[in-house]
Amino acid sequence: MTPRTVHFTRMLALSSLMAIAVLARAATAPMGYDDARHLLARTGFGPTDAEVRAMAAMPRSDAVARLLREARTTTVTPPPAFAIDTGPLRPPGRDASDVERKVFLQEQIRHGLELRAWWVQEMLATPSPLTERMALFWHNHFVSSQQKVRIARLMYGQNAMLRSHALGNFGALLHAAAKDPAMLVYLDGAQNRKGQPNENFAREVMELFTLGEGHYTEQDIKEAARAFTGWSLNRETGEYLFRPGVHDFGNKTVLGRSGNMDGDTVLDILLAQPATAEFVTTKLWRDFVSPDPDSREVRRIAQLFRASNYDIKVALRAILLSDAFWARENRGTLIKSPVEFIVGTLRQLEVQPPSGLPFAVLSAGMGQNLFSPPNVKGWPGGNAWIDTNTLLARKQFVDRMARADENPLRMTTVAMPPSRNMPNLADRTMQSDGVPKEVLSPQGIAGDEKLRALRMARNVDRELRKLDFDAVTWLAARKGGTPEDKEHAAQALLLALPPQTPAPPGVVALDFVRSTLQDPVYQLK
Amino acid sequence: MNRRNFLRSAAALPLAQAIGGTMATFGTAQVALAAGPAGGNYHRVLILVELKGGNDGLNTVVPYTDPAYYALRPKIAIKRDDVVQLTDRAGLHPSLEPLAALWRERQLAVLQGVGYPEPNLSHFRSIEIWDTASKSAEYLQDGWLTRTFATQPTPRAFAADGVIIGSRDLGPLAGGGTRAIALANTEQFLRIARLAQPLPIGGNPALAHVQKVEADIVQAAAHLDARYKFTTEFPSGNFGNAIRTASQVLANPSGVAVVRVTLSGFDTHSNQVGTQARLLKELANGLLALKSALVELDKWDDTVVLTYAEFGRRPKENISGGTDHGTANVQFALGGRVAGGLYGSAPDIARLSSDGNPSHAVDFRGAYATVLDQWWGVDSRALLGGRFAPVPFLKT
């Protein structure tokens, strides 16, 4: 060994020692305010200053461990009474009159609105925001929509099911989702019978729930559909029911495996495919890390996920502790979804509204009508959340928040104002209340159902006016000795990146909060 | 997308403003100069009229000599004596009488039997298929016009690619990148748009996207106003107001390629007769006012109006005096360069599928191909995912 290589080896040893020391410090050192804010913003709905401070003293790995350990599987907000009613559903039968159908449908619409309000309330109140974020993630993965399912109690049942598995086992979640009554209605499973297979569920379970496109054939879909025949629901109780009389007990071949298999066996075959773990991991990456998944990292995490027999916490832990998650260049690269934007704003400004309904309505107007994703692929998310229409709706909402203590009657409140000559009652009430005309209609509610929705929705403005937010008091409560320090602290809490529109010096508190909430960076997490 | 951004940034702002400023004087030729090198004749306007809920095509263009029609609809059929005769077999619903003059002037094209294979009967899904120009089992994120403008951008000086009037749903303009503005009326949009501010575009892709959309709002607000005073009288009511707003948007010198207005309420499952008569009257009066306003602006020859709906309705009436969701439907095309007449073929109501619906004769993407290939000069093939024969409703 030449002196030179000895020297080089020593240097190498020294530098790796130093690297280990740095790593060790990162593992035990407090992560600090910015990191804590980042972790909470990505795993929740906009953290409060107190939450960030409490976490800032912890090392990253401890914080991630605690988030996962303390994730709940139930809600703290009591669900609406109809949702946990165990009595018969009594949907109108074939011989029901138009009036009976209409009455039933309108009741379901009303229940659907209560359900949306309840979920928003839970997102605001939960001590476990990660649970609700994951419930929302699975709602957008195992998609069902009340628009087709109609019966709100089934939508609640699906939501509770998704939450109970939200950070549990993906395999168990897949099996539960496949037998979920709302899913059986939404993807026509209940109509899938021997001799007349309906392939809707079989196709989507491969394309959207497990493998992703390109990992199966049309023949696999046809065969799998036969395996799912007979998975149905009891119309009276709304519970899963296997109907052996319409199940196809013949031989099937799915992804190279043959036998007289049932739906559960098909699901296990799908879970055994490496593509499933990669597909789900990629989707998690897009929700938690960045819009551009790193394929090597995805493969690494997917292997851990699959090796753990699909423990969702294993995948999440690996994602949240990946270098990419913490990398500077990935901060502020994700666009907040409408519910994240709305719930996050209320949480960060520490406003506790009496009802979640107006915010569910606002979210629908911004393109995310909870319990009614646009189609089986769910909300596309990412940049698609922001167009001229939805951006103005977001800006109006935070403008209204920041001006809550100004003369409410003069507030500009709606992105889609009513026009002048309104011919009918619904439109007249809208005009006086300034409620967005089609706020609920894009995905959720049409025709006769609209009137009731509008009656509910017109409370939005009234509710928002009641909110008790005072920008001056809020800003004064920030940490710091000088007004400049407080402003700096406010931006460190509210913005994932430095503001694009630095407020001119010397502006009053209200204008400062307003301009921070109007900054394009406020759309990001 | 890259090309689009390039074109945008290449157009230096003062130049764009100069072009915008001269358009009022020199008319549409200047806009054509500002367009991309090939295709994209976006000084020609497309006005889409959505008949939301699924208008009943069979009572809109009535096969008034067909006994099968009267047999299927004993309660709601339009009487032979009441139709506005177009040909010896087809007649318009009496509420559409105001369009008869346009038909005689051969500026009204009637497309019959329009639909697509494996029809979906859900409002939401079927309008999504129409708006994205997808196959029945294909889920596309971007609207067909969004894809069009991403491939062949509108001139930078345009106020927007398109303006959506009276609906939050951007429909064919939904999805990434397009400069689409939704408004109910111009003054209110301008008031709200003050929340948007022009900023340099940069940073990560998400931030750049937000800034770009913000800039689109600023751009539209800077180029739209409602100052033009029409001599045309607009009908009262929501649709009349939408038509007035559409006309005001088109009176601005800076241009938009597309305007969409919506007339809602066509989901006539019960007591259809009165409802449809009222809606079609609103439609006819609105279209007539639109034509008058565009003639006033000297733009009628550069306008195609195209109606559409998510689906037609079932030929057999239901027990409630209404009709349920159907398939093949009617579309109208109007404009100074429209070659009036009947296109496609009337749905064969003697041969219905097991769910009681006729099959389509013309794919809806054919009408889109007409707009793309023949109106704007943009190759439709890649945009529509295949070659669809244009419906020849334009004068060549």
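Strand β9(B), residues 303-308, is mostly covered, with six of its six residues buried (under 20% relative accessible area; exposed is over 50% and partly exposed lies in between, with a 1.4 Å probe and protein chains only). Strands are DSSP runs of E with at least two residues, helices are runs of H or I with at least four, and both are numbered from the N terminus. The model is predicted: local features need pLDDT of at least 70, side-chain atom pairs count only at pLDDT 80 or more, and totals for chains, interfaces and linings use all residues. Residues are numbered from 1 along each chain as its sequence is written, chains are lettered from A and ligands numbered from 1 in the order written, and side-chain values use heavy atoms, without hydrogens or water.

In a regular strand, side chains alternate between the two faces of the sheet. Both faces of β9(B) are covered. B:T303, B:V305 and B:T307 are buried on one side; B:V304, B:L306 and B:Y308 are buried on the other. Pairing of two strands requires at least two DSSP bridges between them. Strand β1(B), residues 45-52, pairs with β9(B) in the parallel sense over six bridges. Here B:I47 stands opposite B:V305. Strand β10(B), residues 329-334, runs antiparallel to β9(B) and is joined to it by two bridges. B:L306 stands opposite B:A333 in β10(B).

In chain A, helix α10(A), residues 170-178, has seven of its nine residues buried, so it is largely enclosed by the rest of the structure. The buried residues are A:F170, A:G171, A:L173, A:L174, A:H175, A:A177 and A:A178. A:N169 caps the N-terminal end of this helix. A side-chain oxygen of A:N169 lies 2.7 Å from the backbone nitrogen of A:G171 (polar contact: N or O atoms within 3.5 Å; within protein, one able to donate a hydrogen and the other to accept it, with residues adjacent in sequence counted only if both atoms are side-chain atoms).

A:F170 also belongs to the largest nonpolar core, which has 202 residues. A nonpolar core is a set of buried Ala, Val, Leu, Ile, Met, Phe, Trp, Tyr and Cys residues joined through side-chain atoms within 4.5 Å. A:L39, A:M134, A:W138, A:F142, A:F170 and A:F397 touch the most other members. Helix α11(B), residues 272-296, gives the most to this core, with nine residues. A second, separate core of 45 residues includes B:L173, B:L306, B:V362 and B:F388.

Chain A has 27 helices and four strands. Buried residues make up 55% of its 525 residues.
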